[in-house]
Amino acid sequence: ELVFVSCRSQNNVLLPAKLQCPNLQCAAKSTMSHDATLAVPLAVVTLASQRRRHASRCAKRRLRKFIRAVGESDEREEQNPLQWALSVVSGLLGSFMASSRESDPETSGEEAANALVQQLGSSPIDAQQGVPIYALGTYPACTEASNLRRLDRHFTVVTTAALPWSTGPSINPLLRALYLAKRGHPVVLLMPWIERDDQDRLFTGKERFDTCGEQGQWILKWCKERASLDVKKLPLELRWYPASYVEAVRSIFPKGDCSQELADSPKDVLILEEPEHLCWYHNGQRWSELFRHVVGVVHTNYQVYLENMNYEGLLDFDSIRDSLFSTFTSMVCSAYCDVTIKLSSAGIALPNEVKCNVHGVRQEFMDIGRRSSQRRRKAAEDHSSVYFIGKAVMPKGWAELIELVQTVPKSDELGKLHIEAYGSGPDADEIEQRIAELKQKQDAMQPSLIFFPGIDHADKRFENYKVLINPSTTEMLCTVTAEALAMGKRVVIPDHPSNLFFKKNFEDRCSFFASG
């Protein structure tokens with residue numbers, strides 16, 4: 001369970017202040033004029049100790065003992081003398097800057113703003129002044145705006161995809177909204193509405209809708225059948241914003257300011273699913289000004305995703321493309337999010353980021369795992385099929401899968417292997433054509449690759465498979481892999497930062513190969 005504790009600073013940025021994780025703690029420091037006993041620069045404590053002990057070596061030892069006594073981490077790195085001296089100097093500068101601000105007539109009459117202090121296994125740092133800070137007591141309690149445990153909080157979830165397009169940003173935000181509503185929180189889920197032409201490109205199966213209401217009813221039915229939850233009995237409201245599919249990036253983007261669809265909705269806690277995606281072209285009011293607390297959840301490693309799009313011109317150069325992407329992504333996450341959650345360490349570093357897997361899987365997959373384990377034991381020992389399932393977009397692992405089948409060593413055993421791949425989406429025709437070309441060139445001693453239209457991962461035909469192969473590295477953490485593990489399968493995946501969660505927690509059922 002994850003708790004975000006934060007304080008808003010003058011520049012409207014909010015850092016996570018406390019997580020249930022031993023190597024990540026954060027605290028908020030009031031300015032000197034507000035509460036001088038809450039936090040004091042290192043230099044003040046050091047000079048006081050020096051006067052008492054008359055020796056800098058003893059003062060350092062006493063200071064470390066004092067810091068441990070008030071709750072500093074035992075795993076703190078030992079500072080070398082140079083680092084310690086720099087801390088003293090920066091502390092003195094911090095004291096001078098704080099005193100200067102306190103005496104400034106333009107700010108003396110204003111309410112004291114909170115500075116941000118973040119501790120990542122080392123000295124806490126004043127985010128506004130960049131100087132080390134040591135607390136003289138317990139770290140401040142959770143601020144009212146960032147305490148997400150309170151049952152009276154209202155949640156708004158905005159995402160970039162909606163069922164029946166079966167993709168992570170359509171399923172995980174829906175499950176998150178259902179979970180929050182089941183706990184008793186009022187929730188508004190804002191999803192993109194796309195026209196029939198775009199539906200034909202993206203939606204799995206035959207479902208097509210002329211109105212938002214029709215699609216909403218289909219989603220309510222899905223929740224009841226797949227998640228065993230009756231949305232009509234939950235405080236969950238579905239809303240829509242006009243959007244369109246953009247072929248150049250194989251993604252859905254808002255047509256205008258989607259915040260207008262929330263004009264009459266409470267502005268409490270906002271969860272932006274794929275915040276960089278939602279905000280690259282956002283032309284409305286800043287989300288962090290509209291809502292009391294904004295959390296962004298990053299789903300996609302767009303740096304890798306865009307690398308596989310085969311752009312021409314300037315964007316064909318990695319350095320230019322990555323620089324533009326990093327700049328604009330960091331800018332919008334800093335401007336619009338108080339906390340940015342990365343599901344893994346993959347991708348670029350983001351402002352105010354927290355690395356934590358906040359996704360899960362439906363109970364349905366756990367039930368399938370229990371039900372199918374006995375069935376798989378009864379299956380023939382020579383069952384030699386493995387499978388892959390994913391959105392039929394080339395960067396989502398399909399190019400890597402085709403290349404992997406081409407380059408795998410030849411052997412009699414591998415020649416008996418069948419890889420059955422399922423997917424629907426805008427690149428389905430291209431994928432099918434490349435697989436057909438692959439078959440013509442293949443040797444009989446290489447695995448065969450067979451393409452099928454996409455279906456739900458919980459479909460009964462997947463219960464007999466024992467192994468999932470998933471070469472994709474464009475997700476921050478792949479939901480398909482998590483679902484396969486929940487069903488009791490083995491997975492073959494790249495040794496990549498996006499798969500570190502699985503490596504740490506399911507090593508006995510994961511086989512890794514070198515990515516790239």
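**Entry 1: ground rules**

Helices (H or I, at least four residues) and strands (E, at least two) are DSSP runs, numbered from the N terminus. I went to one loop with that in hand: Arg-250 is found between E8 and E9. Before going on, I noted that this is a predicted model, where local features need pLDDT of at least 70, side-chain atom pairs count only at pLDDT 80 or more, and totals for chains, interfaces and linings use all residues. Residues are numbered from 1 along each chain as its sequence is written, and side-chain values use heavy atoms, with hydrogens and water left out.

**Entry 2: two residues with positive phi**

Back to Arg-250, whose phi is near 55°, a positive value in a residue other than glycine. Is Arg-250 buried or exposed? I found Arg-250 to be buried, with a relative accessible area of 15%; buried means under 20%, exposed over 50%, and partly exposed in between, for a 1.4 Å probe and protein chains only.

I then turned to Glu-274, in the loop between strand E10 (269-273) and helix H7 (275-279). Glu-274 is not a glycine, yet its phi is positive at about 65°. Its relative accessible area is 2%, so Glu-274 is buried.

**Entry 3: the open sheet**

Next I traced a sheet. Eight strands form it, in the order E9-E8-E7-E6-E10-E11-E12-E13; the sheet is open and its pairing is mixed. Two strands pair if DSSP finds at least two bridges between them. Which strands stand at the edges? They are E9 (251-254) and E13 (353-355); each has a single partner strand, so one side of each is left without a neighbour in the sheet. On average, neighbouring strands of this sheet are turned by 30° against each other, direction ignored. I kept the convention beside that value: axes are lines fitted to C-alpha atoms, for helices over the stretch in contact, and angles run from 0 to 180 degrees between N-to-C directions.

At the E13 end, I looked at strand E12 (residues 339-342), which pairs with E13 in the parallel sense over three bridges. Thr-340 has Glu-353 of E13 as its bridge partner.

**Entry 4: around strand E7**

I followed E7 through its neighbours. Seven of the seven residues of E7 are buried, so this strand is largely enclosed by the rest of the structure. Strand E6 (residues 155-158) runs parallel to E7, and four bridges join them. Val-158 has Leu-190 as its bridge partner in E7. From E6 the chain crosses through helix H4 (residues 168-182) to E7 in a right-handed β-α-β crossover; right-handed means that, with the strands pointing away from the viewer, the path from the first strand over the helix to the second runs clockwise.

E7 also pairs with E8, in the parallel sense and over seven bridges. Here I picked out Met-191, whose bridge partner in E8 is Trp-240.

**Entry 5: a cis bond**

In the loop between E6 and H4 I came to Pro-164. The peptide bond from Leu-163 to Pro-164 is cis, with omega near 10°.

**Entry 6: H4 against H6**

How do the axes of H4 and H6 cross? They come within 12 Å and cross at roughly 70°. That makes H4 roughly perpendicular to H6 (angles under 35 degrees count as roughly parallel, over 145 as roughly antiparallel, 65 to 115 as roughly perpendicular and the rest as oblique). H4 brings Ile-171, Leu-174, Leu-175 and Leu-178 to the contact, and H6 brings Ile-219, Trp-222 and Cys-223; contact means heavy atoms within 4.5 Å. I sorted these residues as seven nonpolar, no polar and no charged. For that sorting, Ala, Val, Leu, Ile, Met, Phe, Trp, Tyr, Cys and Pro count as nonpolar, Asp, Glu, Lys and Arg as charged, and the others, Gly among them, as polar.

Ile-469 stands opposite Val-492 in E18. With helix H15 (residues 479-486), E17 and E18 make a right-handed β-α-β unit.

E18 is joined to strand E19 (residues 510-514) by five bridges, and these two run parallel. Asp-495 stands opposite Ala-514 in E19. E18, helix H16 (residues 500-505) and E19 make a right-handed β-α-β unit.

**Entry 7: Phe-328**

My last stop was Phe-328, in helix H10 (residues 318-336). Phe-328 counts as partly exposed, at 45% relative accessibility.
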